[in-house]
Amino acid sequence: MKFRISKIKGHLKKIFFRIYLFLSYSIFILGSSYCDFNKSLQFQGSLPFLPNEITQVLNSGLSNLVVSQGTLYPVFSTSTTSYLVTLSSGTTSMTVTPTASDPLATITVNGISVTSGNASGNITLSSGSNTIIVQVTEQDGTIKTTTINANVVTNFLVKVNITGLLGTLVLTNNSESLSLTANGEFTFPTSLLNGSSYSVAIISKPSSQFCAITSAPNNNLPYGTISADITMTIQCSSGYLYNGTVYQTFPIPSIPSLIQLTTMAGAYPTSTLGNTDATGSAARFDNPIAIATDGSNIYVADIFNNAIRKVQISDNSVSTIATSAGPHGIATDGLYVYVTSFNTHVINRVPVGGGTVQTIAGTVNTSGNLDGQGISARFNTPTYLTTDGSNIYITDRGNNQIRKYSIATGNVTTIVTGLTSPNGITNDGTYLYIANSGVNNIMRYNLNLGGAATVFATGGFTSPYGLAMDGSNLYVFEGSGKQIKKVVISTGAISILISAVGYTDGTLGSTAQICTSGNPCDSSLTTDGVFLYIADRYNHSIRKIGP
């Protein structure tokens, strides 16, 4: 029997592949002795007698697809056959670089042959939708088609640059949504007319991460009017936003037994005010009135120093990240620190690493009671803050209200009215808890259902002021009562953690002391799930209670 191989299309680049084909074909011949072998066999561009395993390898389509302009949406996958690329107005051409999984397959882009792994020639584009067809012809004649819709917009684009994402992030711009699972730059498909509005919001994010818009046009705000293509940077980091604070571990740890009071920073054992960045007892504060944590740092509204300070939890070192008039309430989403300015009636923010303070709501030195967007809103002596990652909740004490600032749109709305000298607030993602200081009770407002706030806890409080929670318990720092109390959320049971007045570290119920005899404890507390942190205002120190 003569067996002659006359020609094989393509180029077999690997010797082992040639051997595999030869052996496979020899086995076929030996098993088919009844066939007529007088005719010589000749391959003509395909291998019809290959085993299924080889056929599957050769028929695997594209292994990669790259475009010279814009970004494929969704991200390239070997199982996806249709993509969108949104391109800026004025884009006139682009190239496509397809790579086949099988080195023997042939590729065409819009009917023109392209070598696998190389760029096509320039593809002319016009305004609107442009269809680009990529076809891979396998050795058995199977054709696999991938379509790219290259949409050249006639107006302007809103783009996002994602970093640190580990999961699925869903964004909206006005009413249009974008679901992303990878880092990189992506574009909302619908272009916007010159002068029309945009408003980018984070709708959902991975459960073990918090994400925020860290860079945007219009003074870093995620909303405004468009006059050119714009790009926003969204940064995601590991951690979990819950109960008005950010935990950097997941799941959230359960707070242990609270036994010992310790001074982290500020002159101890003698109370001395000042304005000194240093470590531990060498640092100085002047009436630190509010604190918040991101799990690694304690952020401090140092009210009479007009400063935003940071205490690093690992070593108790204190630094100043910004100056701000009359900082009172403070909250963080892990990427920004939000601060009220009670005496200038505005809400400010600054990056957690420090930088320029930016007013995001209210107008400096203009009080009032007006809902609106950003600086058009009006407050009257805003004090405490909390956040759920999408909104900042503000105690508008002079108006006896709770206001909500949407991080995505900048809109300020009033959600709770009829309070009496409200102060500290915290939330668990479902409920907002409010220290209604003037009538000595704790109010609760349903963030999902809205409606009126209702009384959550009453009796046993004397001017409740600062609030914090760990998911199971609500911690209350009393102003006139000068005590820290714990309320079990499920039962409403109230117990006293610390009540002795003075400035001594030690065991709760024994030597531990807080506050001073001549002033109320009108300050706040927070927790990172391990310790309960206290702004001991008139002792000019930051303290913690833990195991």
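The legends below describe close-up views of a predicted model.

**View 1. Strand E10 and its two pairing partners.** Strand E10, residues 158–163, pairs with strand E17, residues 230–238, in the parallel sense. Six bridges make up this pairing, and within it Val160 stands opposite Met232 of E17. E10 is also joined to strand E13, residues 184–187, by four bridges, and here the strands run antiparallel. Lys159 has Thr187 in E13 as its bridge partner.

**View 2. The surroundings of Ser120.** Ser120 is located in the loop that lies between strand E6 (112–114) and strand E7 (123–124). Because its relative accessibility is 9%, below the 20% cut-off, Ser120 counts as buried. Beyond its neighbours within four places in sequence, Ser120 is in contact with Thr95, Val96, Val109 and Val114.

**View 3. The largest cavity.** Two or more lining residues come from each of strands E21 (288–293), E25 (327–332), E30 (382–387), E34 (422–427), E38 (464–469) and E43 (525–527). E38 contributes the most to this lining, with four residues. By residue class, the lining of the largest cavity comprises 12 nonpolar, 10 polar and no charged residues.

**View 4. The largest nonpolar core.** This core has 27 residues, and those touching the most other members are Ile308, Ile330, Val337, Ile402, Leu432 and Ile434. At least two residues of the core are supplied by each of E21, E22 (297–302), E24 (318–323), E26 (336–341), E33 (411–416), E35 (431–436) and E36 (441–446). Its largest share, three residues, is provided by E21. In soluble globular proteins, nonpolar side chains tend to be buried together.

View 5. With residues up to four places away in sequence left out, Ile330 touches Ala290, Ile291, Ala292, Tyr299, Val300, Ala301, Ile308, Val337, Tyr338, Val339 and Leu385.

How values were computed:
Residues are numbered from 1 along each chain as its sequence is written. This is a predicted model: local features need pLDDT of at least 70, side-chain atom pairs count only at pLDDT 80 or more; totals for chains, interfaces and linings use all residues. Side-chain values use heavy atoms; hydrogens and water are left out. Two strands pair if DSSP finds at least two bridges between them. Buried means under 20% relative accessible area, exposed over 50%, partly exposed in between (1.4 Å probe, protein chains only). Contact means heavy atoms within 4.5 Å. Ala, Val, Leu, Ile, Met, Phe, Trp, Tyr, Cys and Pro count as nonpolar, Asp, Glu, Lys and Arg as charged, and the others, Gly among them, as polar. A nonpolar core is a set of buried Ala, Val, Leu, Ile, Met, Phe, Trp, Tyr and Cys residues joined through side-chain atoms within 4.5 Å.
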